[in-house]
Amino acid sequence: MKNIVRKADIILFILLIAAAAAGIVLMSGAGSGSVAVVRVDGVVTRQVDLGVDQTFRVGDVQLQVKDGAIAFIASDCPNKECIHAGWLKSPGSSAACLPNRVSVTIEGTGEQQEVDTVAE
Amino acid sequence: MRSNFSARRIATLGALLAISLVLSIVESMLGALVPLPIPGVKLGLANIVFMFILVYFSLPSALVIAVLRTFLAALLTGGLSMFLFSAPGAILSILLMWVAMRFVPPLSLVGVSMACAVAHNLAQVCVAVLITGEVNLFYYAFVLIAVGAVSGSITGIVAGATFGRAAGALRIKEQAPHILQSNQGGAR
C-alpha cells in the first residue's frame, strides 16, 4: 500500500476543483444575481439586472446601476427623498419617489436579507 | 468470514459500528475546535469505517451498520428527526461508494471517498433547495464541490493509510478487497 493516491484520483481532484472554481467565477461574474424591480404606480415596468452597469429614465426620474447597486440619481421632485435614499444593494431594500410614484425594490438571492437602512 | 452470521463477523461489525460512532464524536469536537466560515462542512470521518466495511465485508453489511449508526447517533445527540434526515444521506453515500469502487476501477480509496463526498454535498444542496425553495442556494453547490474534494481526499488518504493495518488488527482475512488488489497490481 505504498501508493495510496493514484493518477486517477489526482485527475478527479483537479477536475472537481476546476469545476468548482469555474462555477464560482461564472456565478460571481453574473453579479450577485439580484434584480432591481422598478414599479410605477405599483405596476412593474422594468426589471434591471444589477450585474450590468447602466443609466436609464423612468418617467421624470433617472436611475443608475453601478457595481451591483442601484440608486435614484436625478428627479424633478421637490424633496429629493429618493436620491437621498442612496445606493440599494441587498435584497429586500427599496426606495421610492412618491411624487413621481416610482419605486425600486431589490429582489433576488434573498439568502441573506439584512437591514441596511431604516427610513425615518 | 465464511458464514454470514459467524460470531466473529458480528463482533467485528459491532466494533466497527462503535468506531464509527466515536469518529462522529471526534468530528464534532474538531468542528468546535476549528470553526469554519462555511456551514455544513464536515470531514466525514465515519465514511472511513463504511469504506472499510465495503472493502472487507459487503454492501448489505455496510448499509445495516450505517443505518444503525445514524439511529444511535440520533439517540445520543439529536432526535428522531435527525435520524430521518441523515439516514437517507448515509445510505446514498454508501451506495455511491459501492458504485465507484465497483465500476470505476482506476480510482483508489482516495478517489472513491472524494467522489462520494462531493456527491453527498450536492445531494445536501438539492435537499436544501427543495425544502427552502431558494434556487440561489445552487450557487453554494460550487463551494461544496471544492469542499467535498478536499475533505474526501483527506478521509481517503487516512483510509488508504490505515486499512491494511486495521484489517490485520481485526484479524480479517482479505475477502475480496479488489480496490486494494488492483492498487498493488497496477502501481507496483
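## A helix pair in chain B

In this predicted model, helix α4 (residues 80–103) of chain B packs against helix α5 (residues 109–132) of chain B at an angle of about 145°, and their axes lie 9 Å apart. The crossing of α4(B) and α5(B) is right-handed.

Let's look at who meets whom. On the α4(B) side, the contact includes B:Phe85, B:Gly89, B:Leu92 and B:Met101. Among their counterparts in α5(B) are B:Leu109, B:Val112, B:Cys116 and B:His120. The residues of this contact divide into 12 nonpolar, three polar and no charged.

## The largest pocket

The largest pocket holds about 1,300 Å³ of space. It is lined by 50 residues, and those closest to its centre are B:Glu27, B:Lys42, B:Gly44, B:His120 and B:Gln124. B:His120 also belongs to the contact of α5(B) with α4(B).

Which helices of chain B each supply at least two residues of the lining? They are α1 (7–33), α2 (46–56), α3 (59–76), α4, α5 and α6 (138–169). By type, the lining residues divide into 28 nonpolar, 19 polar and three charged.

## An open sheet in chain A

Over in chain A, four strands form an open sheet with antiparallel pairing, in the order β2-β1-β7-β6. Strands β2 (43–49) and β6 (94–97) of chain A are at the edges with a single partner strand each, so one side of each has no neighbour in the sheet. From one strand to the next, the twist averages 20°.

Strand β1 (residues 35–40) of chain A pairs with β2(A) in the antiparallel sense over six bridges. One bridge joins A:Val40 to A:Val43 in β2(A).

Terms used
Residues numbered from 1 in each chain as written. Chains lettered and ligands numbered in written order. Predicted model: local features only at pLDDT ≥ 70, side-chain atom pairs only at ≥ 80, totals over all residues. Heavy atoms only, no water. Axes fitted to C-alpha atoms, helices over the stretch in contact; angles between N-to-C directions. Left-handed = near helix turned anticlockwise from the far one by under 90°. Contact = heavy atoms within 4.5 Å. Nonpolar A, V, L, I, M, F, W, Y, C, P; charged D, E, K, R; others polar. Pairing = 2+ DSSP bridges. 1 Å grid on protein atoms, 1.4 Å probe; cavity = no way out; pocket = protein on both sides within 12 Å on 5 of 7 lines; lining within 4 Å. Points joined across faces, edges and corners; volume = space filled by probe spheres on them.
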